[in-house]
Amino acid sequence: MTLLNIVDLNISLPTTSGIVTASNGISLEIGQGETHCLIGESGCGKTIVALAIMRLLPVNAKISGKIFLNGVNLFSLSNKEMRQIRREQIAMIFEQPQSCLNPVFSVGSQIAEAVKIRDKCSAKASKEKALELMRNVQIPDSHKRYHHYPHEYSGGMAQRAMIAMAMALRPALLIADEPTTSLDVTIQAQIMELIKDLVVQFNTSLFLITHDLEAAFSMCGHVSIMYAGFIMEKGTVENIIKSPKHPYTKALLSTISSEYSSPVRGMPPELTKLPAGCVFHPRCSNAMPVCSKIDPQMEKGVRCHLTMKI
Ligand code: SF4
């Protein structure tokens with residue numbers, strides 16, 4: 001059963017350097033309990049898609065398309081209804097966990113608050129549950145740490161606290177936006193394991209946003225490859241690894257597998273100045289004359305003139 005359905009999402013944001021076109025006709029589905037990864041280079045618009053799901057985009061953003069959660073179009077909800085969805089059905093973990101914790105409350109009390117919201121229980125019971133969650137995510141010395149403030153937590157500990165909060169909410173959907181990028185390499189695998197546990201324990205759907213192919217492939221069953229605001233290819237991780245179709249996907253895979261020897265050359269375009277035709281054509285080693293003129297459509301999970309001809 002489909003949990004999240006993004007349909008033809010277009011987002012542009014006016015900035016001082018021009019209009020940023022961050023999402024171009026993005027469509028993707030995530031089933032209940034499914035794990036889906038959005039992969040792309042930094043600055044390709046991945047986070048904008050996550051913020052659109054949370055309805056946390058700046059007010060001057062121009063948005064069209066629909067995002068359904070359990071069949072409800074999130075764009076049709078009032079702010080109050082959306083706040084309730086954010087409290088009860090969607091949790092998000094960000095790259096900088098400390099900035100997501102409220103600096104004036106102890107970390108433990110913030111986890112307890114999440115428990116209280118979800119379970120509507122007493123202060124005593126929510127504190128007990130918060131302590132249990134802190135132990136589950138391996139925050140050592142949880143009784144002492146409960147009273148510490150976010151600035152007293154390391155990045156890895158703060159991310160564990162964010163995961164504990166997500167566990168407290170038992171969300172239908174967890175959005176994890178580059179959850180380990182700012183962390184020590186030794187901590188990264190532990191945090192990914194905790195996210196995996198959460199997903200399995202509560203049958204939560206995962207929408208993982210990352211530039212790290214190996215992490216994505218080890219965590220997720222489905223993948224969408226994003227470039228300059230467009231989804232270039234999507235499918236199961238198994239099919240994408242076994243038989244990638246899009247030249248950009250192959251170029252990305254060449255960074256982790258010697259089977260593909262076409263590393264991507266040049267730099268991605270600025271989102272304020274997207275090239276005409278296929279946005280990837282200035283960097284594509286398979287580009288044909290048509291590629292700089294006509295934007296290919298997504299067909300059978302691939303957006304490329306090469307596959308459209310087959
Ligand atoms: Fe390359 Fe053309 Fe396919 Fe774009 S449409 S990825 S430029 S072959």
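## Domains and salt bridges in a predicted model

Arg 303 is buried, with a relative accessible area of 10%; buried here means under 20% relative accessible area, exposed means over 50%, and partly exposed lies in between (1.4 Å probe, protein chains only). This is a predicted model, in which local features need pLDDT of at least 70 and side-chain atom pairs count only at pLDDT 80 or more, while totals for chains, interfaces and linings use all residues. Residues are numbered from 1 along each chain as its sequence is written, and side-chain values use heavy atoms, with hydrogens and water left out.

### Around Arg 303

Arg 303 belongs to strand 12 (residues 302-303). Helices (H or I, at least four residues) and strands (E, at least two) are DSSP runs, numbered from the N terminus. When neighbours within four places in sequence are set aside, the contacts of Arg 303 are Phe 230, Ile 231, Met 232, His 246, Asp 295, Pro 296, Gln 297 and Met 298, where contact means heavy atoms within 4.5 Å. For Pro 296, the backbone oxygen is 3.4 Å from a polar atom of the Arg 303 side chain. With Asp 295, Arg 303 forms a salt bridge (3.3 Å, N to O). Asp 295 is partly exposed, at 28% relative accessibility.

### Salt bridges

A salt bridge is a side-chain nitrogen of Lys or Arg within 4 Å of a carboxyl oxygen of Asp or Glu. Side chains of opposite charge can pair when their charged atoms come close. The structure has eight salt bridges, and the table gives some of them.

| Pair | N to O distance |
|---|---|
| Glu 41 and Arg 283 | 3.3 Å |
| Lys 129 and Glu 132 | 3.7 Å |
| Arg 303 and Asp 295 | 3.3 Å |

Glu 41 is partly exposed, with a relative accessible area of 22%, whereas Arg 283 is buried, at 6%.

Lys 129 and Glu 132 are both in helix 4 (residues 123-136), three residues apart, which is about one turn of the helix. Lys 129 is partly exposed at a relative accessible area of 28%, and Glu 132 is partly exposed at 35%.

### The two domains

The chain is divided into domain 1 (2-98 + 171-277) and domain 2 (102-152); these bounds come from an automatic or database domain assignment. Their C-alpha centres are 29 Å apart. In the interface, four residues of domain 1 are in contact with seven residues of domain 2.

Together the two domains bury about 460 Å², 58% of it on carbon and sulfur atoms. Buried area is the accessible area (1.4 Å probe) that two parts lose on being put together, summed over both. Which residues of domain 1 supply 70% of the area that it buries against domain 2? They are Arg 87, Glu 88 and Leu 194, which supply more than any other three residues.

By class, the side of domain 1 that touches domain 2 has one nonpolar, one polar and two charged residues. Ala, Val, Leu, Ile, Met, Phe, Trp, Tyr, Cys and Pro count as nonpolar, Asp, Glu, Lys and Arg as charged, and the others, Gly among them, as polar. Between domain 1 and domain 2 there are zero salt bridges.

Conventions
A polar contact is a pair of N or O atoms within 3.5 Å; within protein, one must be able to donate a hydrogen and the other to accept it, and residues adjacent in sequence count only if both atoms are side-chain atoms.
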